[in-house]
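Me: I should like to learn how to read the features of a model such as this one. Please take me through them one at a time.

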Amino acid sequence: MSETTERTRSGAGVGRIPIMDVQPVVDAGRFPARCVAGERVPVRVNAFREGHDAMGVQLVLTAPDGAARRQALHCTNPGLDLWESTIRPETEGRWSFRIKAYSAPYDTWAHIAEVKIPAGLDEDLVCAEGVRVLERICEQSRSGERPVTDGELAAAAIADLRDGSRPADVRVARALGADLRGVLAERPLRDGVTASPTYELVVQRPRALYGSWYEFFPRSAGARFDPERGWTSGTLRSAMGELDRIADMGFDVAYLTPIHPIGTTFRKGRNNTLETRPGDPGSPYAIGSPDGGHDAIHPDLGTMEDFDAFVARARELGLEVAMDIALQCSPDHPWVREHPEWFEVRADGTIAYAENPPKKYQDIYPLSFDTDYEGLYAAIRDMLELWVSHGVTLFRVDNPHTKPVRFWEELLAEFAEKHPEVIFLAEAFTRPTMMHTLGKVGYHQSYTYFTWRHSPEELRAYMEELVEAAPYMRPSFWPTTHDILTPFMTSGGRRAFVLRAILAATLVPTWGIYSGYELVEDVPRPGAQEQIDNEKYEYKPRDFAGALERGESLQGLLTDLNRIRREHPALQTLTTIRFHGSDDPQLLVYSKHLDAADSPTAATDSVLVVSLTAHDRGSSSTLHLDPAAFGAGEVFDVEDLLTGERWTWGRDPFVILDPEHRPAHILRIIHPEED
């Protein structure tokens with residue numbers, strides 16, 4: 001007798017064996033879950049049945065080429081019905097998975113035999129029932145449903161069970177032995193098989209999860225000021241000189257703020273004033289002039305040929321180029337003249353400029369998607385296609401939450417199909433619901449509230465929220481941006497910049513900095529959380545080499561952080577983070593761990609971070625670690641990856657941290673096989 005026919009659970013009922021709360025599933029399967037190739041993905045499900053008979057749960061994972069494989073889930077809290085395992089899809093593409101739960105007749109019989117035979121209860125009946133179960137193995141072997149060797153093992157066990165001349169414990173020994181148990185653990189007998197719906201899992205390239213971004217304004221790189229002639233803009237050619245320094249610091253992505261022509265109507269002057277002076281370059285976010293729009297390059301920066309050379313040089317250095325996409329127009333943009341229907345017209349007949357009362361952005365016209373959606377969609381799609389054809393592989397999208405979610409869902413789906421290598425980062429500092437929904441509809445990464453989370457309680461709670469959202473939203477941590485300079489950063493000087501860089505680089509797989517971070521640019525514009533003399537409105541050439549020679553640069557720290565991240569795949573993960581305790585509530589203690597089987601290096605990798613969270617006080621404290629979280633024993637050796645120092649630690653080590661000289665430990669756990 002072969003196993004019973006499988007039945008698929010539908011919305012009409014739970015099926016023979018209830019399968020509930022499957023993860024990773026996004027909004028009951030409305031959106032696909034996502035991961036990157038080689039990433040360890042936890043799979044969890046609540047499954048249970050009536051009575052006391054044994055059951056099992058399997059995952060069926062199907063690759064893009066249709067090849068399917070099964071693996072067992074294991075109950076991790078017996079009696080409470082949580083079944084778990086992990087998967088590691090190796091290749092990019094659209095995968096799928098489903099859960100199958102079943103009654104396990106062999107396991108049920110084995111449990112009965114292990115209880116009754118030692119007690120001398122129903123010995124012959126137990127053996128007879130064992131024969132009936134194992135005969136199914138033989139039948140499946142004869143029919144080709146399972147290997148012949150399975151049937152041979154079962155037949156030998158049946159012979160023992162039928163031998164009434166032997167003691168009962170001897171009769172059942174082979175049927176309960178490791179050989180047969182191993183076979184049936186791999187290929188179990190299954191009754192009442194119930195299957196969940198099939199869920200999508202989109203597997204993307206690793207850069208969608210892990211990377212280090214460096215943002216800069218290309219017009220500032222190489223800009224020169226002459227007292228008589230005024231400013232001369234930097235160019236894409238002069239900006240190429242920055243790429244070597246960016247690559248030497250270990251960054252993966254060179255992110256350019258908008259490089260398009262800038263309007264002159266209502267052009268903003270220095271520090272966001274409405275009064276411009278001769279030579280003020282204007283905000284690159286006020287896109288469009290008679291020289292062109294989003295598909296053009298500002299004449300001061302060069303030509304498309306120069307852009308191609310910039311991208312080619314970046315690739316030579318192992319860098320990818322990210323472009324800033326701001327879907328808005330200056331009053332001088334060609335679209336304003338050619339497609340007035342793409343803008344909102346006010347009652348007085350004028351086009352509405354951008355406002356976030358009381359803020360006014362007179363130099364920017366927002367786009368309206370309600371009049372000619374198809375036309376505007378096609379124009380934006382074609383513009384992005386142009387930049388992809390010139391080597392752009394990442395887009396940082398400015399304020400995507402001000403555009404219809406429907407637009408992003410359709411556009412990102414089209415690019416996922418045609419250009420799966422292209423990554424979109426959402427700059428959506430907005431309500432959590434919108435931020436999460438943008439992730440669900442296809443954004444690969446998102447800026448986060450990390451910039452405003454400072455205490456251990458805030459950071460821990462936020463990380464737990466982000467881990468829960470990992471199947472659809474990948475966080476990117478930025479201590480500052482060209483728009484944001486928080487009071488924490490302006491009050492702490494170099495200490496604050498060091499501390500926040502360490503946290504951003506080690507808490508999540510993707511982080512980024514804005515050019516000038518290494519120089520500790522921390523002076524705010526009065527009344528605003530942004531820098532004075534903001535680079536959005538003026539040229540800002542920087543003396544990086546001089547600062548480095550004078551010992552005033554954080555370039556060495558940034559290089560170390562990126563090196564550590566690159567050498568330790570545990571830091572390239574999000575969901576492996578575990579938090580630990582400390583007697584000082586101002587310390588944040590966390591670890592990330594990869595077993596050898598889950599690591600791309602095939603070696604166990606564990607990193608433990610102990611960090612201050614305040615820049616104005618040190619700490620002397622006992623930690624309370626859970627060594628099992630990072631695969632260590634009660635006593636283990638650690639190496640500080642910033643200083644090279646080594647110590648032997650246990651569960652409760654004592655640490656001394658100082659915001660000036662040692663704000664954090666970034667520790668490698670030295671496993672016995674590594675030393």
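**Reading the model**

Reply: Buried means under 20% relative accessible area, exposed means over 50%, and partly exposed lies in between (1.4 Å probe, protein chains only). This is a predicted model, in which local features need pLDDT of at least 70 and side-chain atom pairs count only at pLDDT 80 or more, while totals for chains, interfaces and linings use all residues. Residues are numbered from 1 along each chain as its sequence is written, and side-chain values use heavy atoms, with hydrogens and water left out.

Me: Where does Ile297 lie, and which residues does Ile297 touch?

Reply: Ile297 lies in the loop between β14 and α7. Helices (H or I, at least four residues) and strands (E, at least two) are DSSP runs, numbered from the N terminus. A contact requires heavy atoms within 4.5 Å. Not counting residues up to four places away in sequence, Ile297 touches Leu236, Ile259, His260, Pro261, Gly302, Thr303, Met304, Phe307 and Trp387. From Ile297 to Ile262 the separation is 35 residues in sequence and 9.6 Å in space, C-alpha to C-alpha.

Me: What are the mean pLDDT of the protein and the share of residues that reach 70 or more?

Reply: pLDDT is the predictor's confidence in each residue, from 0 to 100. The protein has a mean pLDDT of 95, and 98% of its residues reach 70 or more. Where pLDDT is low, the predicted coordinates should not be read in detail. Over residues 1-11, pLDDT stays under 50, and the model has 36 contacts for them beyond four places in sequence.

Me: Which residues does a cis peptide bond join, and which residues have a positive phi?

Reply: Most residues other than glycine have a negative phi, and most peptide bonds are trans. Here a cis peptide bond, with omega about 10 degrees, joins Gln23 and Pro24. Pro24 is placed in the loop between β2 (19-23) and β3 (33-36), and Asp27 lies in the loop between β2 and β3 as well. Asp27, not a glycine, has a positive phi near 50 degrees; its relative accessibility of 39% makes it partly exposed. Asn272 also has a positive phi, about 70 degrees, without being a glycine. Asn272 belongs to the loop between β14 (253-256) and α7 (304-316), and with a relative accessible area of 25% it is partly exposed.

Me: How many aromatic pairs are there?

Reply: Rings of Phe, Tyr and Trp (its six-membered ring) pair if their centres lie within 6.5 Å; planes under 30 degrees apart count as stacked, over 60 as edge-to-face and the rest as tilted. By this rule the count is 32 aromatic pairs. One of them is the edge-to-face pair of Tyr255 and Trp478, at 6.2 Å centre to centre with 90 degrees between the planes. This pair links distant parts of the chain, 223 residues apart: Tyr255 is in strand β14, and Trp478 is in the loop between β23 (475-477) and α13 (487-507). Both Tyr255 and Trp478 are buried.

Me: Why is the pair of Tyr449 and Tyr462 tilted?

Reply: The planes of Tyr449 and Tyr462 stand at 35 degrees, with ring centres 5.9 Å apart, so the pair is tilted. Tyr449 and Tyr462 are both buried.

Me: Which residue lies over the face of Tyr373?

Reply: A charge sits over a ring if NZ of Lys or CZ of Arg is within 6 Å of the ring centre and within 35 degrees of the ring normal. Arg406 lies over the face of Tyr373, 3.7 Å from the ring centre, and Lys440 lies over the face of Tyr472, 5.2 Å from the ring centre. Tyr373 is also one of the members of an aromatic cluster that includes Phe395 and Trp408.

Me: Which residues touch the most other members of the largest nonpolar core?

Reply: In soluble globular proteins, nonpolar side chains tend to be buried together. A nonpolar core is a set of buried Ala, Val, Leu, Ile, Met, Phe, Trp, Tyr and Cys residues joined through side-chain atoms within 4.5 Å. The largest has 152 residues, of which Phe307, Ile380, Phe395, Trp408 and Leu507 touch the most other members. Helix α13 gives the most to this core, with 12 residues. Apart from it lies another core of 23 residues, among them Ile117, Val133, Leu134 and Ile158.

Me: How many disulfides does a search of the whole structure find?

Reply: A disulfide is a covalent bond between the sulfur atoms of two cysteines; the cut-off is a pair of sulfur atoms within 2.5 Å. A search of the whole structure finds zero disulfides. Cys35 is buried at 1% relative accessibility, whereas Cys75 is partly exposed at 29%.
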